[in-house]
Each structure stands twice: as C-alpha cells, then as structure tokens.
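Please keep the sequence and the structure in view while reading.

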Amino acid sequence: MKSKEVDGEPRVIAPRLQLSCRLTISLTCLFTSFAAILMTINLSMAIVCMNKRSKQLNRTDEINSTNSSSGYFGLNSTCSDDLTTEKEMYLDKPAQGMLLGALYYGVVAVQLLVGWLCDKFGKYKLQMALGSSVLAIASFASPVILENAGVPYYFALRIVKGVAMVTLQQRLEILLSRQSNKFLQSFALSSMLPMLTRWTTTQEQGLLMGIASAGIGLANSVTYPISGLLCQHGGWKAIFYFGGGCGMVASFLIVCLVYDGPAKHPRVDAEEKQYLLSFQFQSQTSKKRRVIPWAKMLRSVPVWSVVVTNFFFFAVVKGIVLNLPIFVRDVLDFTVTENGIFSAMPLIAALLLHLLIGPFFDYIRNHNKYTPTTVRKIFHVVGTLIPGALMFVSSQLSSEYKYFIISLITISYSLTEFAVMGGFGYAMIDLAPDFLGILQGINKTISLAPGFITPLIVSALTPHGSSEEWKHVFILFGALYVLSCLVFVTCGSAQQQSWGKAIKNDTVSALSDSSKPRNNFA
C-alpha cells in the first residue's frame, strides 16, 4: 500500500478508482436507488395521466361511476365505449393525498426495526435484493389492483412498498445522505448505508457516496419526463410497468455485484482491500456484542438537531417532489408531456449540483481551514435559507409568470443539495460512525413522518387547485425551509461525540482480568 507525506505526516495513497470494486458497488447503488425512487414517485405523474381529462368530466359522472369507492378514499373510473382502449381512471383530491402519503406509513413504521436489524445482523446484500424485488413486484401489480380492487387495496400496497423501501433507503440516504428519500425508503435503501461505509474512506467519502446517492437525484430528474412520454404513448399503466422492469434489473445487479464488505468480496484486489481496511469507515467484521449508549444518544442535542432539521427539510423537498406535477397541471396549465419536462427541471438542476458539491465539500474539509461544524453550517445555510426566500417570492407570482415560477423553483430546489451533501445530511456519520443504523432508524422514524402528512395538508389546502390556494402551499414551504435552517445552525454539530465509538462487552470484561492495557474502542 503506497503512501506519501502531506504536511509532514504520512498519508495513504488510494488505489486507482477505475474498474475498482468500490466504484462498481457505488455505481450499483446508484442504479438501485434510481430504480427504488422511480418506483415510488412515479405515482404523481400517473395521477396526472389518469386525470388528464378530468376538466372535461362533470361531477355527476364522477359520483355515479360504477367503480366509485366510499369513505375518505375517492376513486372514480369510467370505461371507454371502445373496449380496445385503456380504461380511464379518476382520483379525487382526498384520494391523491392519501395515496401519495401511503408509502410513508410503511417507511415510518419499520425504520427503527430495520436500523436495529442492520446493525445487529448485517446481511445488507440480502436486504437490498429483497427490498428491490418487492418494489418491482408491487409496481407490476399496481395497475391490476387499482382497476379491479380499488383505492383502499392500492393504499395497502403502497404501505408494503414503503416497508420494502426502508431496507433500501434508510441506509442509502443515511449513508449517502435524500432523499430524500427521499425515496421511499425502507428495506432496500436502509441497508446501503452500513454497506457503503465498508467501501468508502475519508479520502473518497464525498465522491463515492455522491455517486451512490446520485441515483436518487437521477430518478427525480428523469422520472417525470419519462412518465409523461409513457403516458402519451402507452397510457398510465406503462408508467408502473417501466418502474417494475427497472426494479428487477436492480435486483439482478445486486445479486451479482454487491458484497457486504471487502473481506467477503471474492474479486477485490489485494491492494484495494488493504486500503479499505486501514480506514476508520471500515466496519468491524467481528460479531462481538457492543454496548449501545441509549441514554446518551437520546439526550444528545446534536443528534436531535439533525432529527428535527430533517423533519422540516424533508417536509419541503418531499412536498415539492410529490406535488410539483399536480401544481403544474392545476395552475400553469401545461400539457402532460410539457408537465413532465417542467416538473423535472428542478430535479435535473439538483442532480447536476449534487455531483459537484460532494468533491467541493471534500476539498474544503481536507484543507482544514475551518472546523467541520463550521463548514457544515455554512453549507446548510446556503441550502435552506436561500431556497426559503425563493419560495416566498414564488408564492406572490401569478400564473402569467409561469416560466419565471418554474425558474425560481428550479434554483430553490437545486440549492438544497448544499444542505444534503455538505450540511446536516451527513452529520450523523460525524457524530457517531459506529451507531449509524440505530441513529438513522430514530432519525427516519421521526423525520419521515411528513411523507404522509404533507400530501394530506397540500390536498386540504388546494381542494379546487386554484392559484390562490397554491400560494398558501408555497408560503408553508418557505417557512419550513427557514425553520430547518435555524434548528441546525443553532444546535447542530459535526464533532464526533464521546459515545460515538462502540465499546465491546467482551473487551471490557477482559480488561478486568488482565494487567495489560487494551484498546476499548471498535
């Protein structure tokens, strides 16, 4: 393993990245996160596609529809006289809000459980493959359930997809950061973070985690344009089938290319293996029991600052991602294809900025001119306060300035990558690297609750989809951005906590029986 002197101290030189196992696994995580997010956010454009003729329907036809559902859920569908054409579906506002948020009932319910399972048993590859497969099967089944069973049963299926997402996302978002995820977020993405920490080092953390998490931004960027084209040429069912196909490909790649760590990879180069094992982000392969400092975790102000910040931040970004196509349809009056393109513009800009901010953050941090806490807070202010101001401006513009509104939303959303990649997004890794699974389980259980709350609030604020109603939504988004800024700036930290490194039970016992000092830390 090669090294060189930097500022009088030896520094290990990383083996080449091209064709390396760590790059291959990061790219596999990229596609897996892409497929997972695509399969969960494509419902927004599917709703636009189903309801594309809703303005031509009168309420009498909707109420008397043979497939109308009772209760809070509303599903109204009509059959074309031409039996060779696709059945027309209609989802009213309450049903839209419930279905868009249904995913997060499953996400929130199992965050703690999945975090604990990943920390205790590992098996990240198995969890990723299982989560991706369940998402794919659920996507293929979605059109059948919507048409033949109705909204309540599809609501239950969305909850199952949320559970499957946790396996994939919790670890990936934590590990890499959004979605951010934004996405959907359960069994599949949760296992990525601990697994990726075994394949990254402090020298390459920003780059490799940025690559792996780029799948979230990529999915956010291309899902709506692709869904718009699929709607135009194949109907709303094609949107779900395309997502299911991507999920099956992701499962295949996970089985063939992903391994839980360098020690278990049969094809990893010896130099690369030694390099990865020499850094602190390499997780312990030992299965010895660890002392988990529950009391200190739950009393930690920096930990709770990340949780509360993520709660407000996630409410905004997920609200924008899920509701932007509906806002464009209601207020800006674009066609379905144009809707897909303009709804994707903020997400495309965020993806491009995402790829730049990771290396930029590494560059600033490695020069040690500022403390890690200072750097994260500066990035966080840029990624929250400026977007909040732009949301307030957007709320005051009429639909006549629709292109300017899209531009402001694009700039606002893209700047949030500063907060994700350099602000609060990776702070848990700094605070307690050995307890990421548990901390992220707590974090996601609480902070992902807006995933099912925000769609309900937006639907309640916009019952008629008017411009005046949507102004209140943008004011709410701006206020949430400002709150997320204030919480992390006043209470956040990037300093490793005294309890952040695990102490092994058996090591502590051995100390009492031996006069020789031993290292108590993992």
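## Helix α4 against helix α9

The crossing of α4 and α9 is left-handed; that is, the near helix is turned anticlockwise from the far one by less than a right angle, while clockwise would be right-handed. By class, this contact has 13 nonpolar, nine polar and three charged residues. Nonpolar covers Ala, Val, Leu, Ile, Met, Phe, Trp, Tyr, Cys and Pro; charged covers Asp, Glu, Lys and Arg; the others, Gly among them, are polar.

Helix α4 spans residues 124-148 and helix α9 residues 236-257. Their axes are 8 Å apart, at an angle of about 165°. Axes are lines fitted to C-alpha atoms over the stretch in contact, and angles run from 0 to 180 degrees between N-to-C directions. The two helices are therefore roughly antiparallel (over 145 degrees). Helices are DSSP runs (H or I, at least four residues), numbered from the N terminus.

## Basis of the model

This is a predicted model: local features need pLDDT of at least 70, side-chain atom pairs count only at pLDDT 80 or more, and totals for chains, interfaces and linings use all residues. Residues are numbered from 1 along each chain as its sequence is written, and side-chain values use heavy atoms, with hydrogens and water left out.

## Aromatic pairs

The count comes to 19 aromatic pairs. Rings of Phe, Tyr and Trp (its six-membered ring) pair if their centres lie within 6.5 Å. Phe 327 and Phe 474 form an edge-to-face pair, 5.0 Å centre to centre with 65° between the planes (edge-to-face is over 60 degrees). The pair links distant parts of the chain, 147 residues apart: Phe 327 is in helix α12 (residues 301-332), Phe 474 in helix α19 (residues 467-491).

Both Phe 327 and Phe 474 are buried (under 20% relative accessible area, 1.4 Å probe, protein chains only). Ring pairs join Phe 327, Trp 470, Phe 474 and Phe 477 into a cluster.

Lys 161 sits in helix α5 (residues 151-175). At 1% relative accessibility, Lys 161 is buried. Beyond neighbours within four places in sequence, Lys 161 contacts Met 39, Leu 103, Leu 135, Ala 138 and Ser 139 (heavy atoms within 4.5 Å).

Leu 415 lies in helix α15 (residues 402-422). Its relative accessible area is 17%, so Leu 415 counts as buried. Leu 415 touches Leu 353, Val 382, Gly 383, Ile 386 and Pro 387, not counting residues up to four places away in sequence. The C-alpha atoms of Leu 415 and Val 382 are separated by 7.0 Å.

## A positive phi

Most residues other than glycine have a negative phi. Asp 333 is not a glycine, yet has a positive phi of about 60°. Asp 333 is found in the loop between α12 and α13. With a relative accessible area of 54%, Asp 333 is exposed (over 50%).

Definitions and conventions:
Angles under 35 degrees count as roughly parallel, over 145 as roughly antiparallel, 65 to 115 as roughly perpendicular and the rest as oblique. Rings of Phe, Tyr and Trp (its six-membered ring) pair if their centres lie within 6.5 Å; planes under 30 degrees apart count as stacked, over 60 as edge-to-face and the rest as tilted.
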